[in-house]
Amino acid sequence: MSESVIKEKRTKEIVIKVCLSLASCAMAAFCSFYIIVLSGLFPSLQELWVTSAMTTMTHQWCATYFINYETISDIMTRTYVDDSGYETSANLVNTKSSGGFEHYFSIFSLKADFFEKEKQYINEGYDKLEDGIFTKEVTGPTWHGYLMLVSDPSRVSITDTSRQFVMGETVVKMVENAGGVAGVNAGGFADGPNYDSHGEIPSGLLIKNNEVIYPKNDTGQSYNVIGLNSDDVLVLGRMTMQQAKNNNIRDCITFNPYLIVNGETIIKSGNGGWGIAPRTAIGQRQTGEIVFLVIDGRQVGYSIGVDLKVLQDTLYDEGCINAAMCDGGSSTVMVYNGEFVNKPSLGHERYINNCWVVK
């Protein structure tokens with residue numbers, strides 16, 4: 001037998017051994033995964049797997065392919081966050097002490113108080129980006145995120161795509177169009193069957209600068225409102241379009257669930273039933289400051305994302321007395337001066353319908 005034939009035979013043997021070894025490892029990994037997660041032997045892990053899969057548009061098969069419908073339905077029903085019946089009390093928030101520039105600089109005697117507020121934010125670990133806007137990194141064992149504090153809530157509003165009902169835009173573009181300096185993704189939008197929406201159709205009630213953008217006709221339907229009223233107070237509650245107008249809501253989106261209402265956390269036990277993913281949320285302190293929170297996800301080794309309990313508790317620890325989750329996943333992004341503050345899960349922005357903008 002020639003030397004070349006011997007080498008070829010040995011190479012084939014090595015390839016076969018490597019393939020068998022890889023197949024064995026794959027089988028062992030699947031069996032372990034099945035026993036630990038899919039079988040229900042460890043209920044909390046199965047719950048986390050199911051809720052993470054079922055609250056996405058394209059990865060629900062990760063649950064439905066392996067786990068029966070009854071089990072999935074039970075998990076989703078049992079972990080559902082019921083925020084119905086919760087609504088904010090506007091008189092709990094004092095926006096007059098929040099650091100509005102007109103308020104402070106038009107009254108000389110209060111200038112010192114303004115700078116004391118700034119010192120307070122820095123002592124809390126925030127870095128100053130510019131007058132009235134501060135950021136801070138927040139981390140956990142498997143996640144990484146950013147807080148943005150805006151001292152004057154009157155600077156915060158909703159803006160939307162300039163091609164509403166035709167095409168969405170990126171947050172960077174919408175903030176630029178609105179003449180803003182910072183922004184965070186806001187409400188949801190109708191997505192395509194293959195996760196292929198271009199963000200052209202908003203979901204739920206959308207109000208911008210006192211104008212109802214969507215829907216065009218009031219059908220009397222109630223929406224989970226996350227909005228700012230004419231007093232710059234973050235308002236949370238179920239409202240029809242007319243009720244939103246009656247409550248002087250100047251800017252709002254629709255999303256759920258609420259996380260903190262009137263100082264009370266909504267998720268009392270469990271993880272909130274939405275699994276782990278990139279997240280975006282908005283909150284307000286009793287002294288009026290708006291706090292945005294984005295947590296990156298789907299990036300192993302950097303940040304895999306968080307459940308709603310972590311999202312809620314992070315904002316609660318920041319002193320928010322009212323807070324709600326906004327759209328998340330690949331929509332999660334925070335920008336300042338045209339640059340990303342965070343690391344979007346896709347590595348870039350997707351087209352969405354609307355965002356919170358800081359003027």
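What follows is a short chat about confidence, aromatic pairs and backbone geometry.

Colleague: What is the mean pLDDT of the protein?

Modeller: This is a predicted model. Its mean pLDDT is 85, and 80% of the residues reach 70 or more.

Colleague: Where is the pLDDT below 50?

Modeller: Over residues 100–109. That stretch still has 20 contacts in the model beyond near neighbours in sequence.

Colleague: Rings next. How many aromatic pairs does the structure hold?

Modeller: Four. One of them is Tyr121 with Phe134, an edge-to-face pair. The centres are 5.0 Å apart, with 65° between the planes.

Colleague: Which parts does that pair tie together?

Modeller: Tyr121 is in helix H6, residues 111–123, and Phe134 is in strand E2, residues 133–139. The pair therefore links parts that are 13 residues apart in sequence.

Colleague: Are those two buried or exposed?

Modeller: Both Tyr121 and Phe134 are buried.

Colleague: And what about Phe292 and Trp356?

Modeller: They form a tilted pair, 6.4 Å centre to centre, with 40° between the planes. Phe292 sits in strand E14 (290–295) and Trp356 in strand E18 (354–358), so this pair joins parts 64 residues apart in sequence.

Colleague: Why does Phe292 count as buried?

Modeller: Because its relative accessibility is 1%, and the cut-off for buried is under 20%. Trp356 is at 0%, so Trp356 counts as buried too.

Colleague: Which charged end sits over the ring of Tyr302?

Modeller: That of Lys343, 4.4 Å from the ring centre.

Colleague: Back to H6. Is Lys117 buried or exposed?

Modeller: Lys117 lies in helix H6. Lys117 is buried, with a relative accessible area of 12%.

Colleague: Backbone now. Which residues does a cis peptide bond join?

Modeller: Tyr214 and Pro215, with omega about -5°. Pro215 is in the loop between strands E7 (211–214) and E8 (223–229). The bond from Asn256 to Pro257 is also cis, with omega near 5°. Pro257 is in the loop between strands E10 (249–254) and E11 (258–261).

Colleague: What is the phi of Asn210?

Modeller: Positive, about 70°, although Asn210 is not a glycine. Asn210 is in the loop between strand E6 (206–208) and E7. At 56% relative accessibility, Asn210 counts as exposed.

Colleague: And where is Asn248?

Modeller: In the loop between helix H8 (241–246) and E10. Asn248 has a positive phi of about 55° and is not a glycine. Asn248 counts as partly exposed, at 45% relative accessibility.

Methods: Residues are numbered from 1 along each chain as its sequence is written. This is a predicted model: local features need pLDDT of at least 70, side-chain atom pairs count only at pLDDT 80 or more; totals for chains, interfaces and linings use all residues. Side-chain values use heavy atoms; hydrogens and water are left out. Rings of Phe, Tyr and Trp (its six-membered ring) pair if their centres lie within 6.5 Å; planes under 30 degrees apart count as stacked, over 60 as edge-to-face and the rest as tilted. Helices (H or I, at least four residues) and strands (E, at least two) are DSSP runs, numbered from the N terminus. Buried means under 20% relative accessible area, exposed over 50%, partly exposed in between (1.4 Å probe, protein chains only). A charge sits over a ring if NZ of Lys or CZ of Arg is within 6 Å of the ring centre and within 35 degrees of the ring normal. pLDDT is the predictor's confidence in each residue, from 0 to 100. Contact means heavy atoms within 4.5 Å.
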